[in-house]
Structures are given as C-alpha cells and as structure tokens.
Amino acid sequence: MRIKSLHVPTLREAPKDAETVSHQLLVRAGYIRRLAAGIYSFLPLGVRSLKKVKAIIREEMDRAGAHEVFMPAIIPAELWQESGRWKVYGPELLRLQDRKQADYCVGPTHEEVVVDLARKDIRSYKQLPVNLYQIQTKFRDEMRPRAGLLRGREFVMKDAYSFDADVAGAHQSYQKMFAAYNRIFSRLGLDFRPVEADTGNIGGSMSHEFQVLAEAGEDAIVACDTCEFAANVEKAPLSDPGFWVPIDGAPQVGPAKLVETPGAKSIESLCQFLGCAADQTIKAVLYMADDQPAVAFVRGDREVNEIKIKKVLGCKALVLADAQWFAQTTGLPPGYVGALDPTPVKMVADSEIKAMPTAACGANRKQHHVVNVVPSRDLRHVQFADLRMAVAGDPCSRCSGRLRSFRGIEVGHVFYLGTKYSEAMQATFLDESGKQAVFEMGCYGIGVTRILAAAIEQNHDARGIRWPVALAPYEVAVLPMAIAGPAAEIAEQVYAELLQAGVQAVIDDRDERPGIKFNDADLIGYPVQVIVGKRAAERVVELKLRHSGDKFEVAIDGLIDRLAAALTIARAGSALSSSSLLP
C-alpha cells in the first residue's frame, strides 16, 4: 500500500476528551474517529488491525471445535422476559419498539438468542456437545463512556456458547475455551494473565477473566508470588487467620470500656481522638440488603468487598444505606455502630477481626465508642466470614506465598453457566435414558475492539504506538528520504520484494520532509521501518525496530528473506530482535 493513496489522517494534538493513552493515540494516528459518546468509526488502519484480531480468534475458535454463526443484533423482548433479564438488566440495556409497538433490545450479549436456537435444533444428547460463536457489534448504554475503546457503548465482541449433556462435559468445554483463550492472547503478543473472577450479571458458578496487565487498567488484580493463583480483588478469597490467642506471660487485657468520643464519626477522626492506628479499630459499613438494614464490619484500615458481603447475606441487591434512613429504621447512630451488643440488624464481620488482640469499635450510642475490645472474647453476636478486599502482602489462600497487586484491562471472560438460562427458557433435549434434560452451558466473550486499546496501553512510548507484529496494520514501512534518485529507486525495489515475500508493507511515497515521515511512522507504530537514505546507492539501508528502538545499517541483499522469516516468527507472538535480522 502507498501512503499517498491511503486515508491516514494523523493529528499532532490529542483531542481534549481523550484521557487515556490508547484513546489519544488511536485518534492521533488515524485509527478511529468519534461519532458520539462511546461510539466510534474505524478508519482503514483500524479496520486492518481489527481484521487481524478477528482472524486469530476465528482460527483458534475453529481449532477448539467451535462453529461460527451470526445472530441478529435486535432481539425480541420475549426472549429476555423468558430468561428474567428484561427487568433486572438495568439501564445499560438499550430498549426500543418497532412500528407495531413491539418491544426489542439491542443485544449486549446473546445468551437468550443462542438458547432459542439450541432448543429448536438440538433434540438429542447424540448432537452434543455444541459450541457456537459469533463476532458481532454489541451495544451497552454505559452511563459514562470513557477511555475511547476501553469503555465504549458500541463495540465488537466475540461471544461463544457451549451446550453439553452433563456437568462433566460442560467442564471439558470450559477448559477447551480456557486453553483457546490462552493461545489467542499469546498470539496477539499481549502480556496477560487469566484470573479468577466474579460471574456478575451473566451468572453461573465459575469464571475467569483474561487481563492485559497495564497501569491504565480499571481492574485490580492480585497474584501469588509463589503459586499460579491469580484473581480479581473482587473474587480473591483470603485465608481465615483464626482467633487471637494471648501469648503466655503477656499482660491480660482488661474489660471493654465505654469512652466518650465527640465528633469521631470516621475512622480517621477516631484514630486522632484515641491516638491509635487504623488497624486497631473496627469499621462499620451500613447497607440496605434487599431493602433490609445490615452492617458489615472490617478492620479500620481495610476496604469491604461488596460481592463477598452480598453472597454472605444471600441478598440480590446490596447498596450503601442512607444514614438518616438507617438511623430511623434501626435506632442505631451512624458513625457509632458497634458489634458488641445484639441488635435487630443482620451483622457480619470479616474474619480478620477475630485475630485482633484489641480494638476500638462503635458503642451503638451517639458520641461513644468502646475500647479494650477483644474480638475473640467480646464479639458474640456477629457472623464471621471473608469480607475484605484483597491487597498486596495478604497471604495466599492456596499456598504459603504472598499476594502481589497489578492493574489490568479485561479483554476476555469465560463463564460456566450451568443451567441458569436453559432452565429459565425450558431448553431441553433427550438424554441417554430417553428423558428430558436441560442443557449445561458455558459462555465465552472477547472484547475485540478493546484488545486494540489494551495493546496500546501496554505498548507505547512518547512518540506513539509500538504494536506487537500480530496487531500492526502493516508490518513494515519503507521510508524513502527522497521521491527521486537512488533513494526512491531502492525504496521501490525493497517495497516490491517485500510484497512478493508476503510481508505486509507500505511505502511512504509522499513528497514530505523526512521528519514528517519519521514522526508518522512512529505514531502509527509500524513494527519495522526501512529507511532508505544517503547510502541507497551502495544498496545499504537503515532498519529501525519500533518496539526496542534499535537502529542499524544493513545491506539489502538477503535482507528481505531474513525479514520475512523474522516476521513469520513474530506473528506467533514473539518479539522482533536485531539479531534475527542481521546476517
């Protein structure tokens, strides 16, 4: 491709609404353009990179035994009503009516549609297992779309759905998809980690997220420094430290004591008043659990994990309680709620509290706290459970190691659904005994457009994008420093030979200054630049590797074969190196 005829409208300045690096660079380098909040058009370079992502996904999904379909984007409300999600999905679901006032939605995901397909076509266990996937545009009406492709409203997703006759088969399908996802993200050249995750709105009982490690990531991840355990902090289980046992010879702790603490409604103000550290206090967080008041207690320096709390309380909805509502409903004063006394309110406490030698906590009385609290001795009216958010340094729940923290961008998610949708929609088949049975299901998603943004967050510098070879719209840019004479002639020769060797190449044939060509090539992120300049007459060019920044001069004789071979290896997810290109 010749740059002169290629629509690549690069920009020198980032748009004002672009906050993340990937958003800035995708716009500046001419990959995308904003149409509306969270909705983008893809320009030629963006389309080429998207096609590469889709091709790798298709190859690996087909290899794993899945079959591609294409389902409608507009879904009748009746299907979502059958599954029960029409009412509970929330405002992210874009609902609309046709001219007959029939209700529809724009599909954010396609569990209902694919279950409808399966129940109509799959009659017997002999037709199982089946795994159907599609690559399609989705829409989720995000309240605050941001970060370009990382948090858009319209996006391209690969979604797959497996149907099995029993749990064992469903687990096998899950593992096949898990392995396929590892191959996909490895081939894309991404630094990623699969982590245990919550099932969220999709449902089910087992799931893993595939997280690209990047500072701009919205997700907090913890991973063990010893074993292979990794999880989203919302999912990460933490070990029960057990009850505190006094050390022989240690001074005995006196009885709990009521103290007046005027104005000390927060942990910070309480610590200042008592002269203690936050990890010597117990924090109360007030909730409405299915419209009923509840209290969760954690150590004062910890954060609650609402997903864990929700599961312990067994509620469907959990929201922070309004202080005035809570006081009127329970008679307990917000800021001074404690766990020593029995109350009509459901109280749960993090298991770490049991291991505290002493603590200060609320007294259920305005302007008062209780000190000298020994949780293992005094907290008799609470249910202990793992309620805290995991942080770096916490013990691993699987081994003797310690957790490390990372930021991640979720690019893929696999779920074991069980019979959540097949039961609700009465999707059945005849099993080996001739009886009606419901399908065991799994679902598996990849954010195709999000991958581009995640890759850039992980691969960029001050000059622009540094694409992994597998994602670059073109692998090599030939940059002649003049449009006539030896430089232009050698550049044309190199370009022609690259194309003949199967290398995806462009030639910058514009009548522009070398600096403009260099800047655009760095901004766009071509993995290799072949710079044809002052030594062209000697048949010597300069190679620049975008990712490492390495530059070196090399004779063009034999170069094309070495370059084609190195790129073939790099397409599988390996990094290009100067040693692979030198004679």
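Which residues does Ala 77 touch, not counting residues up to four places away in sequence?

Modeller: This is a predicted model, in which local features need pLDDT of at least 70 and side-chain atom pairs count only at pLDDT 80 or more, while totals for chains, interfaces and linings use all residues. Residues are numbered from 1 along each chain as its sequence is written, and side-chain values use heavy atoms, with hydrogens and water left out.

With that exclusion, Ala 77 touches Trp 86, Asp 103 and Tyr 104; contact means heavy atoms within 4.5 Å. Asp 103 lies 26 residues from Ala 77 in sequence, yet their C-alpha atoms are 5.3 Å apart. Ala 77 belongs to helix α3 (residues 77-83), where a helix is a DSSP run of H or I of at least four residues, numbered from the N terminus. Ala 77 counts as buried because its relative accessibility is 1%; buried means under 20% relative accessible area and exposed over 50%, with a 1.4 Å probe and protein chains only.

Helix α2 (residues 44-63) may be examined next. Its 20 residues should span 28 Å at 1.5 Å a residue, and its end C-alpha atoms are 29 Å apart, which agrees; the expected span is 1.5 Å times one less than the number of residues. Buried residues of α2 include Leu 45, Leu 50, Val 53 and Ile 57. After α2 comes Gly 65, whose phi is positive, near 90°.

Note on methods
Helices (H or I, at least four residues) and strands (E, at least two) are DSSP runs, numbered from the N terminus.
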